[in-house]
Amino acid sequence: MKNFNLELLRNFLVVSRMQSFSKASAYLYMDQSTISKQIKQLEKRFGITLFVRNAQGVQLTVDGRRFAQQSEQLLDDFQHLGQAAAISWRQLRIGIFDNIAASFCQHFLLKHFSSLGEVKISNEGPALVHLFNQGELDLIVVNGMLQGKITGRFQSRKLADEEMMVMGGRQSQAILHVSMRLADLKDANVLIAPDYCPVSQEIIGSAEIFHDLRQIDYTETMIQLVATSNYLTVLPAGIVKQLVVSRRDLFASPLVDLPKRPVTAIAREKSVLDAFLTAL
């Protein structure tokens, strides 16, 4: 089938529909002799007779009818070659940063969790990026500041810009204002996520203003420590608001001089990213 010209099939199908070489010639703006040569070329290549002549023009043979069906299917398949097929959630592997999953992906997870091939929820954004770089995840939802660590080509879409908030318990309630800056936390005791977190890296740059600055993963133990001591913590607004609503021993204020967290979905393939965005 070397150097086969699909135009031969298209012209053959025009003749088969019009049942006339002359009508096909007028429709295609081609000499009738050229079309006739193309049909003979097809017959020779495939070793079949495609048409028989009659009083009205031509009609397909039994082989010709079968060949016409196959040609229609081949041209249709060729037309759709390379177009994205419907995403199979069963084959999709997704990684989502933990508090992003809780704040932004609840609807998606409720609808698709049981049908996804793999779901990895992690407190470590760089670990998700590493798995994505290794080809072990098809899509990740992380802090967009981590995009610089991604290798190779990718597609991304920012879902939101999320502000950061400072949160404390009853012992810290008095120092929490309507709106705060890092400088307002001078001499405070503060718990932050480990320094692989881009937000923590920003805070560590001002470490000298704090009385005690410690790194700790976001856990129920950490939340309980903040609620029952004078330690404060800095977390994304989505998770803080949920905590403050559900508990009476936690209080919070926006931390306005920290960059907002760009919640970002990242995938290698546009079709995967589009399917995820549609499903949110």
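In this predicted model, Lys-186 has a relative accessible area of 55% and is therefore classed as exposed, the cut-off being over 50%. The residue sits in the loop that joins strand E7 (164-168) to strand E8 (189-192). Along the chain, Lys-186 and Asn-123 are 63 residues apart, and 27 Å separates their C-alpha atoms.

Gln-19 is not a glycine, yet its phi is positive, at about 55°. Gln-19 belongs to the loop between helix H1 (6-18) and helix H2 (21-28). With a relative accessible area of 46%, Gln-19 is partly exposed, because this value falls between the limits of 20% and 50%. Tyr-29, also a residue other than glycine, has a positive phi near 55°. Tyr-29 is placed in the loop between H2 and helix H3 (32-46). The relative accessibility of Tyr-29 is 78%, so Tyr-29 counts as exposed.

The interior was considered next. In soluble globular proteins, nonpolar side chains tend to be buried together. The largest nonpolar core of the model holds 31 residues, and those touching the most other members are Ile-94, Ile-96, Phe-108, Leu-139, Ile-140, Val-141 and Phe-276. Two or more residues of this core come from each of strand E3 (93-97), helix H5 (98-104), helix H6 (106-112), helix H7, strand E5 (139-143), strand E12 (261-267) and helix H11 (270-279). H11 gives the largest share, with five residues. Another core lies apart from this one; it has 21 residues, including Phe-4, Leu-9, Leu-42 and Leu-75.

Helix H11 was then followed residue by residue. Its buried residues are Val-272, Leu-273, Ala-275, Phe-276 and Ala-279. Viewed down the helix axis, these residues fall within an arc of 165°, and they therefore line one face of H11. The elements covering the buried residues of H11 include E3, H6, E5, strand E6 (155-162) and E12. For Phe-276, with neighbours within four places in sequence left aside, the contacts are Trp-89, Ile-94, Cys-105, Phe-108, Leu-139, Val-141, Leu-159 and Ala-265.

His-112 is located in helix H6. The relative accessibility of His-112 is 8%, so this residue counts as buried, the limit being under 20%. Residues up to four places away in sequence not being counted, His-112 touches Trp-89 and Ala-279. Trp-89 is also among the contacts of Phe-276, and Ala-279 is one of the buried residues of H11.

A similar analysis was made for helix H9 (residues 220-228). The buried residues of H9 are Met-222, Ile-223, Val-226 and Ala-227. Around the axis they cover an arc of only 135°, so they lie on the same side of H9. On the face turned away from this buried side are the exposed residues Glu-220 and Thr-221. Cover for the buried residues of H9 is provided by elements that include E7, E8, strand E10 and helix H10 (237-246).

Ser-253 forms part of strand E11 (residues 251-254). Its relative accessible area is 2%, and Ser-253 is therefore buried. Apart from neighbours within four places in sequence, Ser-253 is in contact with Met-165, Val-166, Leu-176, His-177, Val-178 and Met-180. The C-alpha atoms of Ser-253 and Gln-41 are separated by 79 Å, and the two residues are 212 places apart along the chain.

The largest cavity contains about 270 Å³ of space. Its lining consists of 24 residues, and Phe-97, Asn-99, Ala-193, Cys-197 and Arg-261 lie nearest the centre. By class, 16 of the lining residues are nonpolar, six are polar and two are charged. At least two lining residues are supplied by each of helix H7 (125-133), helix H8 (198-204) and strand E10 (231-236).

Technical notes:
Residues are numbered from 1 along each chain as its sequence is written. This is a predicted model: local features need pLDDT of at least 70, side-chain atom pairs count only at pLDDT 80 or more; totals for chains, interfaces and linings use all residues. Side-chain values use heavy atoms; hydrogens and water are left out. On a 1 Å grid over the protein atoms alone, a cavity is a set of points where a 1.4 Å probe fits but cannot get out, and a pocket is an open set with protein on both sides within 12 Å along at least five of seven lines; lining residues have an atom within 4 Å of a point. Grid points are joined across faces, edges and corners, and a volume is the space filled by probe spheres set on the points. Helices (H or I, at least four residues) and strands (E, at least two) are DSSP runs, numbered from the N terminus. Ala, Val, Leu, Ile, Met, Phe, Trp, Tyr, Cys and Pro count as nonpolar, Asp, Glu, Lys and Arg as charged, and the others, Gly among them, as polar. A nonpolar core is a set of buried Ala, Val, Leu, Ile, Met, Phe, Trp, Tyr and Cys residues joined through side-chain atoms within 4.5 Å. Buried means under 20% relative accessible area, exposed over 50%, partly exposed in between (1.4 Å probe, protein chains only). Contact means heavy atoms within 4.5 Å. The arc is that of the directions from the helix axis to the C-beta atoms.
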